Structures are given as structure tokens and as C-alpha cells.
Amino acid sequence: MDNPEQTPFDQELAATLRRGRAVSVPGFADRVVGVVRADRRRRTIVRWSSALAATAAVFVALLTLSGTSEEALNRQTFALVARDESAQLADLLGAADDLSLLAPVAERPAVVETFVASGS
Amino acid sequence: MSQEEPMLPDDEDDKRLMGLVAGGDDDALRLLVHRHHARLVGYLRGEVGSQATAEELAMEVFIRLHRAAARWRPEAKLSTYLIHIARNLVLNEWRRRGRKPTTALEFAAEPGDLSQGSARRVAELDEAFQRAILQLAPEQRTAILLVVQQELPYEEIAEIMDAPVSSVKTWIHRARARLRELLKDFYAQE
């Protein structure tokens, strides 16, 4: 741009622009470092928040997906009952009751009728 | 037009510092900012015509540089990379605002030891040039600022602007023509 053949226009354009070539701002570097530190903290918080949210989402998903079906619940109940001896005894007694109830009813002759019959 | 290499910071040292920045070294970042901010703010002020906006954008450039430090590959000079980010931010800023930069200039001439009359003319010319530059098309403004103000070679400007060198030359030619037209009152005798 220092070409002697340049017109006054070119020379003044260059002179004008070069006066504003470098504009030193006192304390600018410290300001930048301060803003960068704040930005770094903010990004760290955002990163941790995202990680926590993702972990929570996975936890909830696991709980939801591993929930037992009705059939599985029934099987588990039967298994528990099978290990319970008192329940087994109750079952047996209950079955005995059921058998006595289901047994055919034989009408026993009345005591008087039996006595009369033997006397005659 | 001479395309002398401007006095740039040692690029190898910039690369070393970027490695430290990637590792979280704030002192290295402070040193990089101290080295590069003045030219960055100067370029951005030429683009947007406002010192405050230029400083805000320069701040954003360094924040982005810090975020990208771990991924940064030294394929280009750091100064080129910084101006590349800065230009993209300027384009985003205009898109966001839906308009071009304001003509509210804050440019103050530095008259030095000029006489009062000369100083006034310098101030008037400075303001006229700055207003005219803000009226250029974005590509023309960026190209003329980078070649005349920042004294960058065409190849580096092409890299910054993601364009072929021939386009850069065309933009610069058109920018000069447009500036002449806008400032014809000052240069009617030429």
C-alpha cells in the first residue's frame, strides 16, 4: 500500500484504516479470562445436570421395565406358599374338611329304632 | 500494493499456548488474548463501527477459541483462525439484528503533532471513510479491511472468507470503486 503511484485517495484510505488497525483495550485479557472461567463453571454444571438427569431416566426406565407381570406375580405367590409349612398343613386340613363334606351322607338309624328292633 | 508480512506474534508459540489452553491453563489464554486482541478489536470496529460491539464480539471470539482449544488443529495461523471466527460472528450479528451495521461511529482520529487545521481535516476524512466503509457490501467491506487495514495477503483473506482469491480481488476492486464514488466530494480534483 506504500506504492508511490497511489493516488491521494488510496493513500488516505490506507492511512485512515491503519489508524484503526489495532485497538488495545486495557484489562481486556483479564476480562476474557474471567468470562471464560464463568463459562467453564456453567458448562460443568450443565454437564453434571445432564448426566444426573440421564441417570435418573435410566433408573426410572429400569424400574418400569423390570416390573413383574401378573403371571409372574402368581408364580411367585405359589412358590412362597409352597415353602410355607403351616400353609401346607392348612391346605391338608382344608382338603380333609372338603372330603368330609363331600362324603355321601348315610343316615344312621335312631337309637329308639335300633332298640325296638333288637327287642322284637 | 505491497503485501509485506505484518508483525505477527510467533505462530509456533501460539500453537504451544493453544496446547496449554486446551489443558485449562488460564495464564496461557491470558497471554494469547493479550497478543491478539488489539488487532481483532481493530478489525471488528471497522466491520461494525462501534467500539462496544467490537469488544463484545472479540470477547465471544476468545470464548469460542477456548471452547474449541481441545479440538483445534494448527492447520492455519491462529490470527487467521481468530479473524475467521470474528467474521462469522459479524455475519451472525447482522442476520440476528436483521440489518447492517449502524453508522453511529465512535472513530476518533489521532492527530498526533498535526496542526489544528490538519487535525480537523484528518478527523473529517476519517469519519467520511468510516461512514463510507460501513455502506459497502459485507464481502467488500471485509476484503478491503483485511487487505488495507490488516495488511493480509490475498491467500490468507481467501482462507478467512472461504472464497477463491479471484473473488477476493474482485471484492477489493469493487470496494475501492464504491468508496471513490461515496467520497467523490473529497476527491473531485483527481
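# Reading a predicted two-chain model

Q: How does the span of helix H1 (residues 8-19) of chain A compare with what its 12 residues should give?
A: A helix should span 1.5 Å a residue. This model is predicted, and in it the 12 residues of H1 of chain A should span 16 Å; the end C-alpha atoms are 16 Å apart, so the two values agree.

Q: Which residues of H1(A) are buried?
A: Buried means under 20% relative accessible area. In H1(A) this holds for A:Phe9, A:Asp10, A:Leu13, A:Ala14, A:Thr16 and A:Leu17. Seen down the helix axis, these buried residues fall within an arc of 165°, so they line one face of H1(A).

Q: What does A:Leu13 touch, leaving out residues up to four places away in sequence?
A: A:Leu13 touches residues of chain B: B:Phe129, B:Ile133, B:Ile144, B:Val148, B:Arg176 and B:Leu179.

Q: Which residues have the most contacts inside the largest nonpolar core?
A: That core has 66 residues, and A:Leu13, A:Phe28, B:Leu40, B:Leu44 and B:Phe62 have the most contacts inside it. Helix H2 (residues 26-48) of chain B gives the most to this core, with nine residues.

Q: How many helices and strands does chain B have?
A: Chain B has eight helices and zero strands. Read from the N terminus on, its elements run α-α-α-α-α-α-α-α.

Q: What share of the contacts in chain B join residues at least 24 apart in sequence?
A: Counting contacts between residues at least 6 apart, the share is 68%. For one pair of residues, take B:Ser167 and B:Glu139: they are 28 residues apart in sequence, while their C-alpha atoms are 9.5 Å apart in space.

Q: Where in chain B is the pLDDT below 50?
A: Chain B averages a pLDDT of 84, and 84% of the residues score at least 70. The pLDDT is below 50 over residues 1-6, a stretch with 16 contacts in the model beyond near neighbours in sequence. Residues 107-111 of chain B also stay under 50, with 11 contacts beyond four places in sequence.

Q: What ipTM and pTM does the model score?
A: The scores are ipTM 0.75 and pTM 0.68.

Terms used
Residues are numbered from 1 along each chain as its sequence is written. Chains are lettered from A and ligands numbered from 1 in the order in which they are written. This is a predicted model: local features need pLDDT of at least 70, side-chain atom pairs count only at pLDDT 80 or more; totals for chains, interfaces and linings use all residues. Side-chain values use heavy atoms; hydrogens and water are left out. pLDDT is the predictor's confidence in each residue, from 0 to 100. Contact means heavy atoms within 4.5 Å. A nonpolar core is a set of buried Ala, Val, Leu, Ile, Met, Phe, Trp, Tyr and Cys residues joined through side-chain atoms within 4.5 Å. Buried means under 20% relative accessible area, exposed over 50%, partly exposed in between (1.4 Å probe, protein chains only). Helices (H or I, at least four residues) and strands (E, at least two) are DSSP runs, numbered from the N terminus. The expected span of a helix is 1.5 Å times one less than its number of residues. The arc is that of the directions from the helix axis to the C-beta atoms.
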